Amino acid sequence: MANKNVNLQKAKNIKDDEFYTTYETIEKEMVHYIKHFTNKIVLCNCDDPFESNFCKYFLKNFNILKLKRLICTSYKSSKMVGTQSVLLDSNNEPLHSEQGYVLDVKHFCDIDGEISDKFISDFINKSKVIKKLKGDGDFRSPECIKYLKISDIIVTNPPFSLFKEMVSELMKYKKKFLLIGNQNALTYKEIFPLIQRNEVWTGYQFGEMKFRVPSSSEPRKTRYWVDETGQKWRSLGNAMWLTNLDNERRHKKVPLKSYYNPKDYPKYDTFDAINVKTINDIPCDYSGIMGVPITFINRYNSEQFEIIGEANHGSDNEFDLFKPTINGKALFKRILIRNKQPKIKSMQEFRILDLFSGAGGFSYGMEKNTHFKTEVALDINGKALNTFKYNMPDTTIVCGDITNSEVKKKVIELSKKKNVNMIIGGPPCQGFSLKGKKLGLNDPRNFLFNEYLNIVDALKPEVFIIENVKALLSTSAGWFKNQIIEKVQNMGYIVDYGVLTASDFGVPQSRQRAIFICSKNKKISLPKSTCDKLVTVRDAISDLAYLNSNEGDFEQNYITQPTSEYQKLMRNNSVKLYNHKASNHSEIAIKKLKMIPPECGKESLPQNLIGKQKFSGTWGRLKWDSVSPTIDTRFDASSNGTNNHPFLNRAITPREAARIQSFDDKFIFWGTKVNIREQIGNAVPPLMAKGIADQIYKVLGGEK
């Protein structure tokens, strides 16, 4: 403790930072915290309790505040002891500057209301409430720590040079406090993270304050005077109160009236953030990172803003992210913030880049909401892109590998040219397995996922969607899901995620997919179910139940009338029927199918005909009055799974599979048999995609 005491004295002597707070300053601040003090033990430490206005204030208002106890300690080298009156301790010995003392009051008097100065003076001199400390009164000494531990609220004005040490100590012991300090302390590495985490905040008085100073204080040219009694005074323009007592000020929103434009809000030379000259200039519509004056902390509302870090000039603070310069000119330190509630201009046009687009089910569904249009689509599969281009001819398609730098450059340039503000896609995540847990997004097998996010980072769209397998959310107890969320949030996006079931959006299929909706400015929750009644297999394809094995053509006329609302929806504006051709099954396959009744599967076959299929769903028939299980890329093979017609002796056709995926009959698939079944089986169901688009427009498009 000896070294600390030496440091304490040295700090006081060199920095000359004994500033004694006026009664009016204390009273003006305390009026906002009255409710916090009922039945509380108050400690005023690191100050001379006998000349201190903190001691005076709490004694005068002991009964008004309904205090339980007041403790005031002094450090032995206080320069103000005995300057106003001669005080005696409990042994009638005079107090002097070489001794630490404590005033400890548990009951003051029975007077209601404020108590007079004379009464207080008489009380202190006659009631034996002052005693010498064994030590010197250093607030960090074991003796003073004992007082700290039993106290509820600490109210004081510590030496500014020791301010951060006192705050750290109070946080260590989880104490409530109300302290006066210098605003520069707000960017100290010991204080700033507490502000950032909303654990402490500023009080009401922030700026100009006047203080009594000891007679030994050196004269100054400015902010210094001596009154008619000979008392020396200093004023500070950057004083403040710091507290963790709740107050109304910290919940008030900063009124924002300015709007962003690049001319008035230049970016820093080495960091992606704009410079805001004054708090009144904070733009209401900017969602990125902004550098603002440190005085912003006095207006900080954690519900309105997020503090990201600070920009200083090479401090050792880990929250100091860069040196603030614009065109090489250094600026004063800044606080980096982000507006949690930017004013969002309603988006009426969503211009999409579709990555890993396949045949275009995701885009086709999005475009069913007229506010969405896919401008650019990228896939490595040229056959799938032929189908995409045929059905959405206005989209610019790019066939290539997303990892190829030239391909990536072309996609980014096209997207910028077409003002893309939205990205969709289902990047593969082969490395998301228990074995890959140690690497996660750093697993080389997840390079395609990272390429997707790299393009997001390059284009910075207003919103993007990640679509993937359901298991992604639960694999390794959600470890990979959390990695994705963390990375997306670090890119500055708000994320909502979950599992969507296709049948909730009028798709006659139980398909489930993991969906992440990521937005710059506003949380977009996943859409809720849009249908009250499930669409069944019968609703979807009963009008197509007339082909046997190897029958049908690529193009043909409709020969039946629609029998359900879903069939009418699928046929809308379709003149011809395409892709309705049954597989050419072998005789043994047809023989087996004839032995399987409706709603049954391989359990109906003799043991010698089952073959090597291990899964229970093989050779299964779809059930007329249920939704279909997930359509995969081998739906045309009778032995593959539950994808045989409910009563005809064949697997479903590509058109029937497309109906079950919610592709309407206008959407025509091109390519070989294998090409087409992959295009259908890998697709996002368009009606589910439409449900996502409708939800995004509801939140960002201004729809009531």
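A residue counts as buried when its relative accessible area is under 20%, as exposed when that area is over 50%, and as partly exposed in between. With 49% relative accessibility, Asn 419 is therefore partly exposed. The structure discussed here is a predicted model, and each value below was computed from it.

Asn 419 also draws attention through its backbone. This residue is not a glycine, yet its phi is positive, at about 55°. Its place is the loop that runs between α10 (405-417) and β21 (422-425). Asn 327 likewise has a positive phi of about 55° without being a glycine. That residue sits in the loop between β15 (325-326) and β16 (329-330). Asn 327 has a relative accessible area of 76% and is exposed, whereas Asn 419, at 49%, counts as partly exposed.

Phe 554 is located in strand β25, residues 552-556. With a relative accessible area of 32%, Phe 554 is partly exposed.

Charged side chains also meet in pairs. Across the whole structure, a search finds 28 salt bridges. One of the pairs is Arg 197 with Glu 199, whose closest N and O atoms are 2.7 Å apart. Arg 197 is partly exposed at a relative accessible area of 48%, and Glu 199 also counts as partly exposed, at 30% relative accessibility.

A further salt bridge joins Glu 451 to Lys 408, with 2.6 Å between the closest N and O atoms. Glu 451 lies in helix α11 (residues 447-459) and Lys 408 in helix α10, so this pair ties together parts that are 43 residues apart in sequence. Where do these two partners stand, buried or exposed? Glu 451 counts as buried because its relative accessibility is 13%, and Lys 408 is buried as well, with a relative accessible area of 19%.

The salt bridge between Asp 636 and Lys 673 has its closest N and O atoms 3.5 Å apart. Asp 636 is in the loop between β27 (620-621) and β28 (642-644), while Lys 673 is in helix α18 (residues 673-681); the pair therefore ties together parts that are 37 residues apart in sequence. Asp 636, at 7% relative accessibility, counts as buried, but Lys 673 is exposed, with a relative accessible area of 51%.

Salt bridges can also share partners. In this way Asp 543, Arg 571, Arg 655, Arg 659 and Asp 665 are joined into one network.

Technical notes:
Residues are numbered from 1 along each chain as its sequence is written. This is a predicted model: local features need pLDDT of at least 70, side-chain atom pairs count only at pLDDT 80 or more; totals for chains, interfaces and linings use all residues. Side-chain values use heavy atoms; hydrogens and water are left out. Helices (H or I, at least four residues) and strands (E, at least two) are DSSP runs, numbered from the N terminus. Buried means under 20% relative accessible area, exposed over 50%, partly exposed in between (1.4 Å probe, protein chains only). A salt bridge is a side-chain nitrogen of Lys or Arg within 4 Å of a carboxyl oxygen of Asp or Glu.
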